[in-house]
Amino acid sequence: MAKSYKIAVIGGDGTGPEVTAEAVKVMDAAAGKFKFKVEKTYFDFGGERYKRTGETLPDSAAEELKKFDAILLGAIGHPDVKPGILEKGLLLRMRFELDQYINLRPVRLFPGVECPIKGKGPKEIDYCVVRENTGDLYCGAGGFTLKGTPNETAVQTSIYTRFQVDRCLKYAFEYARKFGKKARGIGPENTLALCGKTNVLTFVYDLWERAFHEMGEKHYPDIRRDYYHVDATCMWMIKNPEWFDVIVTGNLFGDIITDLGAITQGGMGIAAGGNINPEGVSMFEPIGGSAPKYTGKGVINPLAAICAMQMMLQTLGEEKAAAKIEQAVRDVTANKLKSLAAGKMGYSTSQVGDMVAEGVV
Ligand code: IPM
Ligand code: MN
C-alpha cells in the first residue's frame with residue numbers, strides 16, 4: 001500500500017501563503033510520481049488571526065499538531081504586530097512545545113546562483129549548520145528590576161543543560177556520519193566543527209566543548225572534530241567556506257551564523273531549514289521572513305519554501321522524491337532564473353513552482 005503522510009500546512013503571514021502554495025504544488029507532483037500520498041490540513045495561524053482574535057496560538061495547537069507527520073510553515077511576521085509577539089507566541093512556542101530541538105540549516109550554493117564571495121562557487125559553499133533550537137538565550141530566563149526608572153536593570157541568561165547539549169551533539173555527529181563530505185563522496189573525511197566562544201563564555205561553551213570531545217572520542221572516532229570561536233566562524237565562512245562540513249552550535253550563534261550562511265548561498269530566496277524533533281513532529285520553513293511588501297504580487301521566490309518541503313520529504317524518508325526535487329531546483333537555478341531576488345527572477349512565483357514541478361515528474 002502507498003505510504004500516506006498527514007501534513008499540517010501553516011501558510012502564515014505576508015508572502016508565506018504564496019510560497020507555501022508552490023511548495024505544496026511540487027509536493028503533490030512528487031507524490032504522484034513517487035507513489036505516496038499526502039493529506040494536507042491548513043491552519044490559519046499568523047498575524048491576521050492574531051489581529052482578529054487576540055490569540056497567537058490556541059493552547060490546543062501543540063496537541064493538535066502532534067497528530068501530524070510533519071508541518072510545513074510559510075512565514076510568520078506582520079507589519080501591524082509589534083515585533084516579538086508573533087515570534088515568541090507562535091514560532092518559538094511551536095519549536096519549544098513540539099520539542100524541535102534541532103534546527104537544521106544547509107548552506108549550499110546551487111548552480112547558476114550568483115555568490116557574493118569572489119572566487120567561490122557551489123563546490124566551496126556546501127555545508128550544513130546544526131543549530132540547537134530550545135536553549136541558550138532563547139529560553140526566556142531573565143527580567144527587569146526597576147523598569148522605567150534611571151536605575152533599571154535588565155538580565156537575560158543563557159541556559160544549557162547537559163541533556164540538551166548531548167542530544168544535539170548526538171544528532172550532529174550522526175548527521176556528519178551520514179551526510180558529511182566523505183559520506184557524500186566529496187571529501188576525505190566527515191567533519192563536525194563546534195562553533196562556540198570558549199574564551200569568554202567559559203561556562204556554557206565549556207560544557208559544550210567537554211561534551212563534544214567526550215562524545216566524539218567515545219562514539220564517533222571516525223569523525224574529525226574541529227573547534228572555532230563564533231567570531232572566527234563568521235570570518236572563515238566568508239574567507240574559506242570550503243573548510244566547513246557540518247557545524248554544530250548553540251541557539252543564538254546558530255541564528256546569527258545561518259543568516260550569514262544564507263547570504264552566501266544566494267539569500268533568503270533559497271535558504272531553508274528544518275525544526276526537527278527526531279522522535280516527534282518536525283516543522284520545515286524558509287529561513288526568510290514574510291516579506292510583506294511583496295504580498296500578492298506574484299514576485300516572491302518560492303524556492304526556499306520548496307527546499308523546506310524537500311527537506312521535509314527527506315526527513316520523512318522519501319529520499320528518492322527529495323533527491324529528484326533537489327535536482328529539479330538545481331536545474332531551475334542553473335538554466336532558468338535570472339536572479340533569486342523577488343521581482344528579478346524573470347518568472348512569476350507560480351511559474352517558478354510550475355518549472356520545478358515539471359522537473360519532478
Ligand atoms: C530564525 C528567526 C527566529 C529566530 C526569530 C523570528 C524568532 O530569526 O528562525 O532564525 O531567532 O530563531
Ligand atoms: Mn534568524
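Biologist: Which backbone atom lies 3.3 Å from a polar atom of the side chain of Thr 349?
Modeller: That's the backbone nitrogen of Val 299. Keep in mind that this is a predicted model.

Biologist: Is Thr 349 buried or exposed?
Modeller: Thr 349 is buried, because its relative accessibility is 3% and the cut-off for buried is under 20%.

Biologist: Where is Thr 349 found?
Modeller: Thr 349 is in helix 11, which covers residues 349–360.

Biologist: And what is Thr 349 in contact with, leaving aside neighbours within four places in sequence?
Modeller: Thr 349 has Glu 18 and Glu 22 as contacts, along with Gly 298, Val 299, Ile 300 and Pro 302.

Biologist: Nice. How do helix 1 and helix 11 cross?
Modeller: Their axes cross at roughly 15° and come within 9 Å. Helix 1 and helix 11 are therefore roughly parallel to each other, and their crossing is right-handed.

Biologist: Which residues make that contact?
Modeller: From helix 1 you have Glu 18, Glu 22, Lys 25, Val 26, Ala 29, Ala 30, Lys 33 and Phe 34. Helix 11 brings in Thr 349, Ser 350, Gly 353, Asp 354, Val 356, Ala 357 and Val 360. Sorted by class, the contact of helix 1 with helix 11 has seven nonpolar, three polar and five charged residues.

Biologist: What about helix 1 and helix 10, at what angle do they pack?
Modeller: Helix 1 (residues 16–34) and helix 10 (residues 319–335) pack at about 130°, and their axes are 10 Å apart. That makes helix 1 and helix 10 oblique to each other, with a right-handed crossing. Val 26, Ala 30 and Phe 34 of helix 1 make the contact with Lys 320, Ala 321, Lys 324 and Ile 325 of helix 10. The residues of that contact are five nonpolar, no polar and two charged.

Biologist: Switching to helix 5 and helix 6, what angle do they pack at?
Modeller: About 45°, with 10 Å between the axes of helix 5 (residues 162–179) and helix 6 (residues 204–219). Helix 5 and helix 6 are therefore oblique to each other, and the crossing is right-handed.

Biologist: Which residues of helix 5 and helix 6 meet?
Modeller: On the helix 5 side they include Val 165, Leu 169 and Phe 173, and on the helix 6 side Leu 207, Trp 208 and Met 215 are among them. In the contact of helix 5 with helix 6, nine residues are nonpolar, two polar and six charged.

Biologist: New topic: what does phi look like at Lys 35?
Modeller: Lys 35 has a positive phi of about 60°, although it is not a glycine. As background, most residues other than glycine have a negative phi. Lys 35 sits in the loop between helix 1 and strand 2 and is exposed, with a relative accessible area of 63%.

Biologist: And what is phi near at Asp 99?
Modeller: Near 50°, which is positive in a residue other than glycine. Asp 99 lies in the loop between helix 4 and strand 4. Asp 99 is partly exposed, at a relative accessible area of 29%.

Biologist: Last one: what does Phe 96 touch, not counting residues up to four places away in sequence?
Modeller: Phe 96 touches Asn 133, Thr 134 and Tyr 138. Phe 96 is found in helix 4 (residues 85–97) and is partly exposed, with a relative accessible area of 29%.

Definitions and conventions:
Residues are numbered from 1 along each chain as its sequence is written. Chains are lettered from A and ligands numbered from 1 in the order in which they are written. This is a predicted model: local features need pLDDT of at least 70, side-chain atom pairs count only at pLDDT 80 or more; totals for chains, interfaces and linings use all residues. Side-chain values use heavy atoms; hydrogens and water are left out. Helices (H or I, at least four residues) and strands (E, at least two) are DSSP runs, numbered from the N terminus. Buried means under 20% relative accessible area, exposed over 50%, partly exposed in between (1.4 Å probe, protein chains only). A polar contact is a pair of N or O atoms within 3.5 Å; within protein, one must be able to donate a hydrogen and the other to accept it, and residues adjacent in sequence count only if both atoms are side-chain atoms. Contact means heavy atoms within 4.5 Å. Axes are lines fitted to C-alpha atoms, for helices over the stretch in contact, and angles run from 0 to 180 degrees between N-to-C directions. Angles under 35 degrees count as roughly parallel, over 145 as roughly antiparallel, 65 to 115 as roughly perpendicular and the rest as oblique. A crossing is left-handed if the near helix is turned anticlockwise from the far one by less than a right angle, and right-handed if clockwise. Ala, Val, Leu, Ile, Met, Phe, Trp, Tyr, Cys and Pro count as nonpolar, Asp, Glu, Lys and Arg as charged, and the others, Gly among them, as polar.
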